[in-house]
Amino acid sequence: MNIMDELLNLKNKLKSACIPSYDLNNKVDEFIDWYANNIIGGEYTDIREHFSIKMRNFIEKIAVWYELRYPDYEVNRIMHCTDQESKKVSDEMFNKNNYINQLFDLDSEVRIPDWDEFYNAKAFINSLPIDEQWYFKIPEYRDIVYWNRNKNISHLHLSKNGTVVKSEMYSVIPGLSNNDFEGKNIKDVVKMINDKGIKFPENSEFIKAINDYDNMSYQKEEMLNCVMYRIIERGGNRIGPRRAFLFAKEFGRNIDIPMMYGVDFSDPGLMLFIDEYIKAGGSKNLKCYEEYFSKNKKNQKLDTISIEKLILIENKNTSIYTPGEKEQYQKLINVLSSRIDTNVVKQEKVKKLRLQRKLEKSKNS
């Protein structure tokens, strides 16, 4: 790392120290810095900047795709939060599309699809250029890793997830044989060697393979997290968190994050949003930022409030349950009540039968 890179890192550290940890834009900046240092690497600042901008633009592209897939009025239709527009995106894209009208009859099945299903994630990713599809690639280990590159032929054959398929170490590790390595993950192999107190050669690919895999895994996961952050910021105080919540559920992100940034006390559908969050497995102990989008300064301190307290406020301190929970509890009560009623009827029938038998016995005696 040259002096310019060191100065740039120091500048970024000072900048981050002045920005609260809740700032979503700062989270994206931190990922881009990590990406430049750990994936791009090298000492050429212009190349690092080029690929950093490319990654940032790609994150923005995915966020825009999700906005096109779920326009504001569709998000509002799914989780109400403002006045509802009458139009529907599926109608606009199919039924009212002149191109579609010229090609297909009014009763054609092409008018049936829902837009969000039509413009699905797989279709979007497949439509990307190869170099952008690579961002979504599932991380894989290299198939061969050498103990000492260019100085020793000892190596391991790895599966895509890092399991040692075949070991050809040729006794370079005292006390450990090929059989000890085969079937184990490369991380376990490295631990075994470390436990023996054996130092890795400078050119060993073992640890590098692990680091490369972990970096690629982190890159994909954090890239998707950054997309979620941008969806929140771009969508604003109500639509942003709700759209990000849909994204989180679809792409396996943490559903806590959209909820944390979705507390707008003037939101008429806040309880509905909370209800959807709880139904998706959310926690009432979650601390949310109060009015994140109303902050005046970038380094302004924000108060937090728990989901449980929010529910109490929305219910005017009468209940800690959401409408969805109340509905589920009522269904459970109805089921139990019906079972109790059924049991009572059965017990009454049994009593009548017993009484009838006693009467019959007394007549016959």
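Is Arg253 buried or exposed, and what is its relative accessible area? Arg253 is buried, with a relative accessible area of 11%, where buried stands for under 20% relative accessible area, exposed for over 50%, and partly exposed for the range in between (1.4 Å probe, protein chains only). The structure is a predicted model, in which local features need pLDDT of at least 70 and side-chain atom pairs count only at pLDDT 80 or more, while totals for chains, interfaces and linings use all residues. Residues are numbered from 1 along each chain as its sequence is written, and side-chain values use heavy atoms, with hydrogens and water left out.

A salt bridge here is a side-chain nitrogen of Lys or Arg within 4 Å of a carboxyl oxygen of Asp or Glu. The two partners belong to distant parts of the chain, 32 residues apart, with Glu221 in helix α12 and Arg253 in the loop between α12 and α13 (256-260). Helices (H or I, at least four residues) and strands (E, at least two) are DSSP runs, numbered from the N terminus.

Across the whole structure, a search finds 22 salt bridges. One of them pairs Arg234 with Glu60, whose closest N and O atoms are 2.9 Å apart. This pair, too, links distant parts of the chain: Arg234 sits in helix α12 (residues 206-251) and Glu60 in helix α3 (residues 45-69), 174 residues apart. Both ends are partly exposed, Arg234 with a relative accessible area of 35% and Glu60 with one of 22%.

A further salt bridge joins the side chains of Glu205 and Arg142, with an N to O distance of 3.8 Å. Glu205 lies in the loop between α11 (186-195) and α12, and Arg142 in the loop between α9 (130-133) and β1 (144-146), so the bridge ties together parts that are 63 residues apart in sequence. Glu205 is buried, at 10% relative accessible area, whereas Arg142 is partly exposed, at 28%. Through shared partners, salt bridges join Arg142, Arg149, Glu205, Lys208 and Asp212 into one network.

Finally, helix α14 (residues 270-279) is mostly covered, with seven of its 10 residues buried. These are Leu270, Met271, Phe273, Ile274, Asp275, Tyr277 and Ile278. After α14 comes Gly281, which has a positive phi near 105°.
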